[in-house]
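Keep the sequence and the 3D view open while reading.

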Amino acid sequence: MKILIIQQKMIGDVLTSSILFEAIRKKYPEAELHYLIYPHTKPVIENNPFIDKVISFHPQKYKNPFNFLKFLFKIRKEKYQVVIDVYSKANSAIITAFTNAEMRISYKKWYTSFLYNRVFNRNIKPEIEAGVAIEKRLQFLKPLNLDPTLAIKPKIYLTEEESLQAKNILDDKGLLGETSLFMISVLGSSPEKTYPAEYLAQLLDVIVQETSGNLLFNYIPSQTEKALEVYNHCLPVTQQHIHLKIFGKSLREFMALTSYCDAMIGNEGGAINMAKALNIPTFAIFSPSIKRINWNIYEDGLKQVSTHLEDYFPEEFKNKSKQQIRKKTPALYKKFKPHFIKPYLIKFLKRLK
C-alpha cells in the first residue's frame with residue numbers, strides 16, 4: 001500500500017500530523033509512506049523513521065499554473081492508493097483529486113467534500129488527553145481500520161552529532177551546570193500571536209527571581225530588534241541571565257539546544273510544540289485570537305501548562321466570532337496583565353525543582 005499525507009504550511013501542523021505515520025506504520029509495516037509539506041518545515045520531521053519520502057511543495061513556484069500542472073502529473077505517477085489531506089485547502093484538494101487514489105480522506109467542507117470519498121468533521125469535542133489537534137488527525141485513521149484513540153505523541157529525532165554540538169555550545173558558556181536553563185519563546189509567529197514585550201519581560205524577571213536560571217531566546221537574526229525589545233524591558237539582574245548570542249542558527253540547532261533546557265516558556269506556537277515533541281516541560285501563553293482547545297496538545301496542568309486570557313475574562317469571548325476576537329486582539333493583549341499569569345508560572349517553576 002502506498003499512502004500520501006498532505007500537510008502544508010506551518011511547522012507546528014507538520015510536526016503534529018507526523019503522528020499519522022507512526023500509527024500507520026505499526027498497522028501496515030510494509031506500506032510506503034510519503035509526506036507532502038512546505039520546504040521550510042522539513043527540519044521538524046528529519047530522521048523520522050516512519051516516513052519513507054518527503055515531497056516539497058513550493059508555494060511561490062506552484063502559483064504558476066503550468067508549474068502546478070506539472071507537479072500534479074508528477075504526483076499522479078506515484079500511484080497512491082490512499083491520500084490523507086490534513087491541510088484541506090483548495091490546492092491540496094485538487095492535488096488529492098488528481099492522484100486518482102482509491103481512498104481520499106480529509107475534513108468535511110462544503111466546497112471540497114465532493115473531491116474526497118471519506119470526510120470527517122473538524123469540530124469535535126476532545127475525548128482523550130491528547131487534545132483536539134491530535135484527535136482531529138487520528139480520526140483520519142478510521143478508514144484504514146486503525147484505532148482513533150491511539151496515544152501517540154509527536155516526536156523529534158535528533159542525531160547524536162546534533163545533540164553533541166548543542167551540548168558543546170552550552171558547555172563552552174558554562175550553561176550546563178546546576179543552574180536551570182530555560183528556552184524563551186520570545187516571539188509568536190505573528191504580532192497577533194505575540195505577548196507584549198513589556199509584559200513578557202516581567203515574567204522573565206519572575207523566572208530569574210525564582211530560579212536564578214539562565215535564559216536563551218528563540219529568535220532569528222532578522223528578529224533581533226524584537227528580541228532586544230523584550231531584553232531592554234527586563235530588570236538589569238535579569239539581563240545578566242539572558243544569553244542573546246546563543247540561539248539556533250538553524251531549526252535543527254534550535255531543537256538541539258532546547259533538548260538541554262529545563263523548560264520552554266513563552267508564546268504558544270511551533271516552538272512550544274517542538275519542545276513537547278522533545279519531552280521538555282512547557283508553559284505556553286496563548287494569543288487571545290487562538291482557541292486554546294485546538295492546540296493544548298497533551299496538556300496535563302503539571303509539566304505541560306498553558307494560560308489564556310479567557311481564563312480571567314471569559315465574558316470577552318462569549319458569543320464572539322473568531323473574526324471579532326481577532327480584531328480586538330491588541331486591546332485584549334493589554335488586558336492580559338502579567339500579574340494574572342505570575343502565580344501559575346511560579347507554581348510551574350517550583351514543580352521543575
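Which helix supplies the largest share of the lining of the second largest cavity? Helix α11, residues 270–277, does, with 3 residues. The model is a predicted one.

**Cavities**

- The count is 2 cavities of 30 Å³ or more.
- The largest cavity has a volume of about 50 Å³.
- Its lining includes Ser 18, Ile 19 and Glu 22, along with Asn 48 and Phe 50. Lys 153, Pro 154, Lys 155 and Tyr 157 also line the largest cavity.
- By class, that lining holds 4 nonpolar, 2 polar and 3 charged residues.
- The second largest cavity has a volume of about 30 Å³.
- Glu 268, Ile 272, Asn 273 and Lys 276 are among the residues lining the second largest cavity. Ala 284, Phe 286, Trp 295, Glu 299 and Ser 306 line it too.

**Second largest pocket**

- This pocket holds about 440 Å³ of space.
- Its lining has 21 residues. Nearest the pocket centre lie Pro 191, Thr 194, Tyr 195, Pro 196 and Lys 226.
- Three helices, α7, α8 (224–233) and α14 (329–335), each give at least two residues to the lining.
- The largest share, 4 residues, comes from α14.
- Sorted by class, the pocket lining has 10 nonpolar, 6 polar and 5 charged residues.

**Helix α7 against helix α15**

- Helix α7 spans residues 197–211, and helix α15 spans residues 338–351.
- Their axes come within 10 Å and cross at roughly 30°.
- Angles under 35 degrees count as roughly parallel, so α7 and α15 are roughly parallel to each other.
- The crossing of α7 past α15 is right-handed.
- On the α7 side, the contact uses Tyr 199, Gln 202, Leu 203, Val 206, Ile 207, Glu 210 and Thr 211.
- On the α15 side, Pro 338, Ile 341, Lys 342, Leu 345, Ile 346, Leu 349 and Lys 350 take part.
- The residues of this contact divide into 9 nonpolar, 2 polar and 3 charged.

Methods. Residues are numbered from 1 along each chain as its sequence is written. This is a predicted model: local features need pLDDT of at least 70, side-chain atom pairs count only at pLDDT 80 or more; totals for chains, interfaces and linings use all residues. Side-chain values use heavy atoms; hydrogens and water are left out. On a 1 Å grid over the protein atoms alone, a cavity is a set of points where a 1.4 Å probe fits but cannot get out, and a pocket is an open set with protein on both sides within 12 Å along at least five of seven lines; lining residues have an atom within 4 Å of a point. Grid points are joined across faces, edges and corners, and a volume is the space filled by probe spheres set on the points. Ala, Val, Leu, Ile, Met, Phe, Trp, Tyr, Cys and Pro count as nonpolar, Asp, Glu, Lys and Arg as charged, and the others, Gly among them, as polar. Axes are lines fitted to C-alpha atoms, for helices over the stretch in contact, and angles run from 0 to 180 degrees between N-to-C directions. Angles under 35 degrees count as roughly parallel, over 145 as roughly antiparallel, 65 to 115 as roughly perpendicular and the rest as oblique. A crossing is left-handed if the near helix is turned anticlockwise from the far one by less than a right angle, and right-handed if clockwise. Contact means heavy atoms within 4.5 Å.
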